[in-house]
There are 2 protein chains.
Amino acid sequence: MNAMQSLRERMAELADLAAVEMLAVWDQLVMMPADGAPARALALGALARVSHDRATAPEIGDWLDALDPAALGEVDADIVRLARRDWERARRVPDELAVELARASADGQASWQRARAEDDFAAFAPALERNVGLAREYAACVAERAETSYDALLADYDFGLSTGELRRLFGELAGELAPLVEGARAHSPRRTLDVPVEAQRAAVAGTLRRLGVDQTSWRVDVSAHPFTSWLGPRDSRVTTRYGDGDVEALLSSLHEYGHALYERQIDPALDRTNLGRGTSMSIHESQSKLWENHVARSPAFAEVLAAELGAGGCAVTAAELHASLVGVEPSLIRVSADPLTYPLHIVVRFELELAMIEGELAVVDLPDAWRERMRAVLRVEVPSDRLGCLQDVHWGAGSFGYFPSYALGCLIAAQLWEAIVADVGPLDEALRCGELGELQRWLGERVHRHGRRLDTLELLEQATGGGLEVAPFLRYVAPLAGR
Amino acid sequence: MNAMQSLRERMAELADLAAVEMLAVWDQLVMMPADGAPARALALGALARVSHDRATAPEIGDWLDALDPAALGEVDADIVRLARRDWERARRVPDELAVELARASADGQASWQRARAEDDFAAFAPALERNVGLAREYAACVAERAETSYDALLADYDFGLSTGELRRLFGELAGELAPLVEGARAHSPRRTLDVPVEAQRAAVAGTLRRLGVDQTSWRVDVSAHPFTSWLGPRDSRVTTRYGDGDVEALLSSLHEYGHALYERQIDPALDRTNLGRGTSMSIHESQSKLWENHVARSPAFAEVLAAELGAGGCAVTAAELHASLVGVEPSLIRVSADPLTYPLHIVVRFELELAMIEGELAVVDLPDAWRERMRAVLRVEVPSDRLGCLQDVHWGAGSFGYFPSYALGCLIAAQLWEAIVADVGPLDEALRCGELGELQRWLGERVHRHGRRLDTLELLEQATGGGLEVAPFLRYVAPLAGR
């Protein structure tokens, strides 16, 4: 077997093990009886250790050294390029640190869960302190020359983005969005609709069916927090949740569909290589946000959703439904924020985690800083840490540099949407009929099929002709403020 | 870390990976969308390869050599004893042969599936030929001195049993059972009950609930073929299936419950060691058969089952139900055979697979030999290979030496049942009330808790004071023949 074959075989094995890991997590969150948790944590640990061993094994370095990229085909050359990047990065982390990071992440999530339940930030502070310290230590190991710690952390989620670029982008975003909020509150007030759970279920099933979600290659289940798993090119699993009297399930199921469609439309030639998955968190989030913001929240697609709710026994007009899906009201909780203020929640988190990683904000001062920033950026008063800096799991899990992708996803989705419309013309009629094959194909061709062959900025450049921009998102939300 | 710690850590990892593999199979058979099959096969292959690598790694030999069993505690000494046995056995199989066996098993199952669907034995013969050849090659690698090929194959399922012992036992069994069949057909004729699926579902749920099957540490699902998975000490999953108008689900759910209870009651101190699972196929099958034959098919427990069916809206008397659960009629298909003739199906398979492995029966002659043996042993005419030698997957999967455990399970269950009654007195009253805590505890103490610390025959000796015997099973079936 030559070096390229050996390398491909190892990458296939790692992809297979990653699919098994995803299955184990899916089952944990969807099917597992509660008391199975301790055994599952151990099983996931074993799987992670084995995968890490195989991903960082010295023979990979030998294969890479033996290969001449210039003598390879395009795909093989990209396999080698990414394999070297991933392998070198992983090898820079000492085994003891990797183990300590995993342990701190598990402990931190448990600590966060207790602290949030009891609204007791002080109980969480030591775990957070440990996570911040370890993240800085990790960043010091993996940072390339000239990278800051936060740059190095970002690269795990979005290779090629820089802290400076995010500062600029999020500064502009906050500056432009804030003045729109008051107008949007008046022009698009938040309204709630009383839709029975059974009608929501029927509408979710019917809508997804229109988009190609069949029984033979998809599952749609319920979990506490919606998420997506891809266990193979034809084994896609999305989850949603149903609340009495809200219609979040309509948005979240389209959101998760966007993630799943991305993975399904990657070039089959990349399957079971290190290129055969979504390229970055921000591009992934752009795919979910595109279906959530630009499809599900469009006035035209509201006609489809209203018809599906009607078929499920709940009479609601498209206009009422659309109004309830886009109503703006600054609020405390990120995951239930409206489309306009959502990115502002991310701006706050970005500023604060950056300050913690750079050593400019002590963990003990986080709650006050959170209150201050929420007041400044969103103009809301935070009454408790449970509804404040304890609301998200990310920092408890030791994930720093992840939050930005949520806002970048909103921006990129808007950029892609304008590119699509420029390319194929207005989509209103297609949205109104729920016939979105052309949209699916455009995304497949311009975004999905590349897998990891293009990093975030290259992909964006090829798909839209430009770099990261705030303007398209501002144009998307302007009508909500009556502009 | 000393050698014992290293060994224990590796055994824990292998146990964790085995749990992941069991999950992947469970999901495949219960939850996976059909088109997920190719990716799942690859994922299972990767998992098997990684586990095999870790289980046969040379460092295990170093740890074993460094350990002095005499200086270890009892459990550690057993961990070392079994680790050496498993490791040496696995190391005797060349990697290429292991890969070839796995491939032939997958191919053979696919070939079998097609051949069975089309009732075309000739299409399956080449795959079976290959499997027989590979099994002989494998046996030659792993056989201990003085072991025949079939002895060596048996050891994978039931360590310590010999072909000679099985010949004697099954010869006696066939000789004693055959004369009972005619009497049983007259005394306990096969009857069918028309029980709606919904009532069956309710009765299965209600009955299992009485036995401690709760929502927090069990799952009960539906699959094409009933089976059991143990993903952790408190994550037990059984499946059953529901046919219109039969009550097989009542038997099969109790059968699978017996497998699950065995794994749940293993001493927690053995968890995540190489001792922390059922010791052999025959003991496992004795646990399922005990709940199927001696609980579910008892006249006393029929009162519980009838009450549960009644609660599910289907009125049936305990006597009617019991009669339908024990009716005897020689038939073609093993999995739906009655309790008396079931072991005769196994005797036929044992004789034929032994002859194939010993080179005394050519694959091409199997269909005729099958017809001849079914006529001689069960007195039935086999109208097609689909209802004959193509009915079971085992040979297609390359499993030779597995079938005997099904009959041994019947025999051992009857032996254990007599030992329980001798020990704690008649169980009729407990069966009638469905209060089987004492039975569960007895099994836990005498059978389950040992895990792999005792092999089949030692365990049987400790639990019953004797060796493998036919008489208790004959006493169990005698009443069916009115004796």
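A: What follows starts with the sheet and then moves to salt bridges, the chain interface and a helix pair.

Keep in mind that this is a predicted model.

Take chain A first. Three of its strands make an open sheet. The order is β1-β3-β2, and the pairing is mixed. The edges are held by β1 (218–222) and β2 (228–230) of chain A. Each of these edge strands pairs on one side only. From one strand to the next, the twist averages 15°.

Now the pairing in chain A. β2(A) and strand β3 (residues 236–240) of chain A run antiparallel. Three bridges join them. In this pairing, W230(A) stands opposite S236(A) of β3(A).

Chain B can be read in turn. An open sheet of three strands is found there, in the order β1-β3-β2 and with mixed pairing. Why is one side of β1 and of β2 in chain B left without a neighbour in the sheet? β1 (218–222) and β2 (228–230) of chain B stand at the edges and have a single partner strand each, so one side of each stays without a neighbour in the sheet.

For the parallel pairing, look at β1(B) and strand β3 (residues 236–240) of chain B. Five bridges connect these two strands in the parallel sense. One position to check by eye is D221(B), whose bridge partner in β3(B) is T239(B).

Next, the interface. In chain A, 36 residues are in contact with 36 residues of chain B. The two chains bury about 2,900 Å² between them. Carbon and sulfur atoms carry 62% of that area. Charged pairs also span the interface of chain A and chain B: eight salt bridges are found there. D235(A) forms a salt bridge with R40(B). The closest N and O atoms of D235(A) and R40(B) are 3.7 Å apart.

Over all chains, the salt bridge count comes to 86. A pair to look at within chain A is D156(A) with R89(A), at 2.9 Å from N to O. This pair links distant parts of the chain, 67 residues apart. D156(A) sits in the loop between α7 (149–154) and α8 (163–187) of chain A, whereas R89(A) belongs to helix α4 (residues 74–91) of chain A.

Last, a helix pair. Helix α14 (residues 342–357) and helix α16 (residues 404–424) of chain A pack at an angle of about 145°. Their axes lie 8 Å apart, and the crossing of α14(A) and α16(A) is left-handed. From α14(A), the contact uses Y342(A), P343(A), I346(A), F350(A) and E353(A). From α16(A), it uses P404(A), Y406(A), A407(A) and C410(A). Of the residues in this contact between α14(A) and α16(A), eight are nonpolar, none is polar and one is charged.

Methods:
Residues are numbered from 1 along each chain as its sequence is written. Chains are lettered from A and ligands numbered from 1 in the order in which they are written. This is a predicted model: local features need pLDDT of at least 70, side-chain atom pairs count only at pLDDT 80 or more; totals for chains, interfaces and linings use all residues. Side-chain values use heavy atoms; hydrogens and water are left out. Axes are lines fitted to C-alpha atoms, for helices over the stretch in contact, and angles run from 0 to 180 degrees between N-to-C directions. Helices (H or I, at least four residues) and strands (E, at least two) are DSSP runs, numbered from the N terminus. A crossing is left-handed if the near helix is turned anticlockwise from the far one by less than a right angle, and right-handed if clockwise. Contact means heavy atoms within 4.5 Å. Ala, Val, Leu, Ile, Met, Phe, Trp, Tyr, Cys and Pro count as nonpolar, Asp, Glu, Lys and Arg as charged, and the others, Gly among them, as polar. Two strands pair if DSSP finds at least two bridges between them. Buried area is the accessible area (1.4 Å probe) that two parts lose on being put together, summed over both. A salt bridge is a side-chain nitrogen of Lys or Arg within 4 Å of a carboxyl oxygen of Asp or Glu.
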